[in-house]
Amino acid sequence: MTRTVLFAIAILAGLAILALAPAFLGEYGLGFMVSLMSYVTLATAWAMFSGPTRYISLATVAFFGIGAYTVAVFNETLPYPFVLIVAISIGALLATFVGFATLRLAGVYFVIFSFGLAELVRQLITWFEVNITGTLGRYIFLPFETRHIYWQLLALAAVTIGIGFWIRQTRLGLALKVIGDDELVAAHSGIALARTKVLLFVLSASLMTLAGAIQSPRWVYIEPAIVFNPTISFLTVIMALLGGATRLWGPALGVIPLMILFEWLSASFPDHFSIFLGAMFILIVFLLPKGVLSAVETRLARLKREANA
Amino acid sequence: MTALLKLADVSKRFDGLVAVNQMKFDIKKGEIVGLLGPNGSGKTTLINLISGALSPSQGSICINGKNIAGKRADQIARAGVARTFQLVRILPSMTVLENARVPAAFGAKAHRGSEIDRIALTHLKKVGLGDKADMMPGELTYIDQKRLELARALAAEPEVLLLDEWLAGLNPSELQDGIALIKELQSTGLTILLVEHIMEAVRALCPRCVVMNAGTLIADGPTNEVLANPDVVAAYLGDEYDA
């Protein structure tokens, strides 16, 4: 009980310190923190679905981009909270449809489909804008400064981790753990596979959509190539895998070192950035297939055994 | 007395191959029936059809008069069918107790809260794993893993239990323990369909047997008569004797 209280106090203190960040950081530092919170949300939301089910989704940017684009379309006609609601609804609807249509696909086909989905959405929007509305780019005029966006993303990241924590306490969490271990046993134990997976996929996609929507005013000018950039999907996967996709705090922990690394790489080697990205991907999958947290735990357990022996 | 499990005209075709051909038999409540047949005769396919891992190409499978043919595995599990697997399938990342909690939480009764733990523990004790509840299943011996799989099936509190070669791979003394355990389950009124190659176990456990060959029912009756049936003898020994 006291441990839980201490833990809650530590979390609140951490949040308070993070919320005070704008007072100490300059525009560059705060911009970095915005990206950081955005990726903490994306990676945690990604792992919420992909961790237990082991479906590697590259559709992250499809939802992220839909969020951003919805804001771009409606920011001048609807009040901001309604814009967010519309964005979430579109993201959730697409995820439900895609979920039921594809979650029967075996792993590798799902990866390719999810990658294709992001491209499809981007091409459709581009086509629609060019041929129907005649405007490819859109402007977002919302009265937000960087710190406002940062606070919203900080809250979203906290809520996302909170949802991840809550799921682990529920029947849904138990069902997911069983599905992760053995789908056949899960089904024969009475767990509805498709419904459980789609529910998680929709939840995860809704959070990603919201991340895109909240972050979008940062760009001011938006076009499909910016908000549907596939690098976002790949970065999310690498970050979640580095930290450990089956742990609550894993994805968030993976985000921090990689954000710093990529920030430095993209500034120092802008032309070779994707080579480093690819190399990191391969290294992480080979060296830390279950993530840093799990590797550390295994090492500790071995040390403990040796100490006992 | 009406049948608890009733198969009528159940067939399964894989493209051209007929794996199960118009199978038909009833099992009464509380009965324990052996499902026999040479390798490849379709026994496991039939278990998969009843449990919903596969759906039949035609025919009906009724539990208490309700047709479950073609339903999903999880729906059939909630309708009261539990199974074990030919090759042991445990949930490796979860403790022994957690393994048994799963069907208690998601099975027919869908228990909540502390009731889940109580049901799980009751069935672990029943199979003799009461003191190993906190272990990881990977640390268990082979027979204990089989026991765990059985406890997991029981924790679903099923109407029918399907055992797919649950006794295979046990040493002679473990086999005696295993037979005793299944006997004990049957004495509590559980209905069991048992795929088995070990004749000693079949004779000890099943008053009645159903025999399949090449997907077709070739015998159904009291075990002694069935095992003496010339068709059954030919099906089991045919290849060797013909050669």
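Predicted model: local features only at pLDDT ≥ 70, side-chain atom pairs only at ≥ 80, totals over all residues.
Gln22(B) belongs to strand S2 of chain B, which covers residues 17-28. What makes this residue worth a look is its backbone: phi is near 50°, a positive value in a residue that isn't glycine.

Val220(A) has 12 C-beta neighbours inside 10 Å, so it counts as exposed.

H10(A) runs over residues 193-215, and its axis comes within 11 Å of the axis of H8(A), residues 171-181, with a crossing angle of roughly 110°. That angle falls between 65 and 115 degrees, so the two helices are roughly perpendicular to each other. The crossing of H8(A) and H10(A) is left-handed. On the H8(A) side, the residues that meet H10(A) are Leu172(A), Ala175(A), Leu176(A) and Ile179(A), and their partners in H10(A) are Leu193(A), Thr196(A) and Leu200(A). Sorted by class, that contact has six nonpolar residues, one polar and no charged.

H12(A), residues 230-243, packs on H13(A), residues 250-268, at about 115°, with the axes 6 Å apart. This pair, therefore, is also roughly perpendicular. Here, though, the crossing is right-handed. H12(A) brings Ile238(A), Met239(A), Ala240(A), Leu242(A) and Gly243(A) to the contact, where they meet a run in H13(A) from Gly250(A), Pro251(A), Ala252(A), Leu253(A), Gly254(A) and Val255(A), plus Leu258(A). The residues of this contact divide into nine nonpolar, three polar and no charged.

In total, 16 residues of chain A are in contact with 18 residues of chain B. On the chain A side, the elements that give two or more residues are H8 and helix H9 (183-188). H8(A) gives the most, with six residues. By class, this side of chain A has nine nonpolar, three polar and four charged residues.

Across the boundary, follow H8(A) to H3(B), the helix at residues 96-106 of chain B. H3(B) is mostly covered, with 11 of its 11 residues buried. Among them are Glu98(B) and Arg101(B), along with Leu97(B), Val102(B) and Phe106(B). What covers them includes H8 of chain A, together with strand S6 (81-83), helix H4 (114-126) and helix H5 (142-154) of chain B.

Finally, zoom out to chain B as a whole. Its domain assignment gives domain 1 (3-80 + 159-242) and domain 2 (89-156). Their centres, taken over C-alpha atoms, are 24 Å apart. Each domain puts nine residues into the contact. On the domain 1 side, helix H2 (73-78) and helix H6 (172-187) are the elements that give two or more residues. That side has five nonpolar, two polar and two charged residues.

Terms used: Residues numbered from 1 in each chain as written. Chains lettered and ligands numbered in written order. Axes fitted to C-alpha atoms, helices over the stretch in contact; angles between N-to-C directions. Helix = DSSP H or I, 4+ residues; strand = E, 2+ residues; numbered from the N terminus. Parallel < 35°, antiparallel > 145°, perpendicular 65-115°, else oblique. Left-handed = near helix turned anticlockwise from the far one by under 90°. Contact = placed C-beta atoms within 7 Å. Nonpolar A, V, L, I, M, F, W, Y, C, P; charged D, E, K, R; others polar. Buried ≥ 20, exposed ≤ 12 C-beta atoms within 10 Å, placed from the backbone. Domains from an automatic or database assignment.
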